Amino acid sequence: MGEPTVQLTDERWRELLRVRATDPAAVERAYAKRVRRPNLLAGKETLFLIAADHPARGALGVGSDLTAMADRRALLGRLLIALAHPDVDGVLGSPDVVEELLLLGALDDKVVIGSMNRGGLAGAEWEIDDRFTGYDADSLARFRLDGGKMLLRLVDSDAGTVPTLQACAQAVSELAANGLMAMVEPLPYHRDDSGALVMSKDAPSLSRAITVASGLGVTSAYTWLKIPAPQDVSVLDATTLPVVVLGGAPSGDPVADLAFWDGALGHDVVRGLVVGRTLLYPPDGDVGAAVDVAAKMLKEAR
């Protein structure tokens, strides 16, 4: 295994399954031999990553299909198409997805950000207490990845926020000690009358979340923020840290989604996009075309 290809053929799929079953040490070898980029931005001023860490948190739905991301072969096939685009810098994924892409030879000269906390399972009663169940800083350094991403949902009425805050602060410090990017995704939430979690999209809540995330850890030198595109772009004035705009749940109208991101991409602190389902599962099924539109939009904005 290992030569890059866009198509996940039957032969390559069967070989992946064979290696998984018979040669577990192949994963560590693949980490060790991956060709790393010399730096995150690789001579550019932008960063365009494809997000694929949703399944590890049990978030499998795309639109009305509640298990769209449960088909692993289909997911990997879509990822191979996206990663083959010359303007896609890399991937954000949980260990299982990253390792499958490594075994498929898709991550040479790509930025690879490992997802760290996936324990706050989507819809669970304990969702806000988001335990670190994926990569840790030591493994990210040992496996020669480029950084770690953590989700930080802030709910003032839920004490589960506190251990997540503390764990994120520790992760920021440990990643910085290893010279690795800490990508923090601060999302303000509240519970509605039914007790359901709802994201707070107003400017004061988003500004507050940005400032809380910016102050985590013993240093912010290696911290990046991953935040939703705000309707009021002045929210982004709350930080000097580099920001990537997240894609979020697709609305079903990719043109509208892209237009919404476009408003934030021109802000001075914004360095790129981290998008998953919107590009991997477009309504027309054309992953390559969806990625191409997003890449062109990012280029034009910068």
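Predicted model: local features only at pLDDT ≥ 70, side-chain atom pairs only at ≥ 80, totals over all residues.
Me: What makes α6 a helix?
Reply: A helix is a DSSP run of H or I with at least four residues (a strand is a run of E with at least two), numbered from the N terminus.

Me: Why is Gly 272 called buried?
Reply: Its relative accessible area is 0%. Buried means under 20%, exposed over 50%, and partly exposed in between (1.4 Å probe, protein chains only). So Gly 272 is buried. This glycine sits in strand β9 (residues 270-275).

Me: What does Gly 272 touch?
Reply: Contact means heavy atoms within 4.5 Å. By that test Gly 272 touches Leu 47, Val 243, Val 244, Val 245, Leu 265 and Leu 298, leaving aside residues up to four places away in sequence. The C-alpha atoms of Gly 272 and Leu 49 are separated by 8.1 Å, although the two residues are 223 apart along the chain.

Me: Which residues of α6 are buried, and what covers them?
Reply: Thr 161, Thr 164, Cys 168, Ala 169, Ala 171, Val 172, Ser 173, Leu 175 and Ala 176 are buried. The cover includes α5 (137-142), β4 (147-154), β5 (181-191) and β7 (223-228).

Me: Which residues of α3 are buried, and what covers them?
Reply: The buried residues are Leu 75, Leu 76, Gly 77, Leu 79, Leu 80, Ala 82 and Leu 83. Their cover includes α1 (10-22), β1 (47-52), β2 (90-93), α4 (95-103), α9 (277-280) and α10 (287-301).

Me: What makes Asp 71 a cap for α3?
Reply: A polar contact is a pair of N or O atoms within 3.5 Å; within protein, one must be able to donate a hydrogen and the other to accept it, and residues adjacent in sequence count only if both atoms are side-chain atoms. A side-chain oxygen of Asp 71 lies 3.3 Å from the backbone nitrogen of Arg 73. That caps the N-terminal end of α3.

Me: How do α2 and α4 pack, and why does the angle get that name?
Reply: Helix α2 (residues 25-33) and α4 pack at about 75°, with their axes 9 Å apart. Angles of 65 to 115 degrees count as roughly perpendicular (under 35 roughly parallel, over 145 roughly antiparallel, the rest oblique). So α2 is roughly perpendicular to α4. Ala 26, Val 27, Ala 30 and Tyr 31 of α2 meet Pro 95, Val 98, Glu 99, Leu 102 and Leu 103 of α4.

Me: Why is Arg 118 called buried, and which side chain does its side chain contact?
Reply: At 5% relative accessible area, Arg 118 falls under the buried cut-off, so it is buried. Its place is the loop between β3 and α5. Its side chain makes a polar contact with that of Ser 115 (3.4 Å). Among the residues it touches are Asp 53, His 54, Asp 130 and Lys 149.

Me: How do you know whether Thr 239 is buried or exposed?
Reply: Its value is 9%, so it is buried. Thr 239 lies in the loop between β7 and β8 (243-246). A polar atom of its side chain lies 2.9 Å from the backbone nitrogen of Leu 241.

Me: What is the phi of Asp 109, and of Arg 144?
Reply: Phi is near 60° in Asp 109 and near 65° in Arg 144. Both values are positive, in residues other than glycine. Most residues other than glycine have a negative phi.

How values were computed:
Residues numbered from 1 in each chain as written. Heavy atoms only, no water. Axes fitted to C-alpha atoms, helices over the stretch in contact; angles between N-to-C directions.
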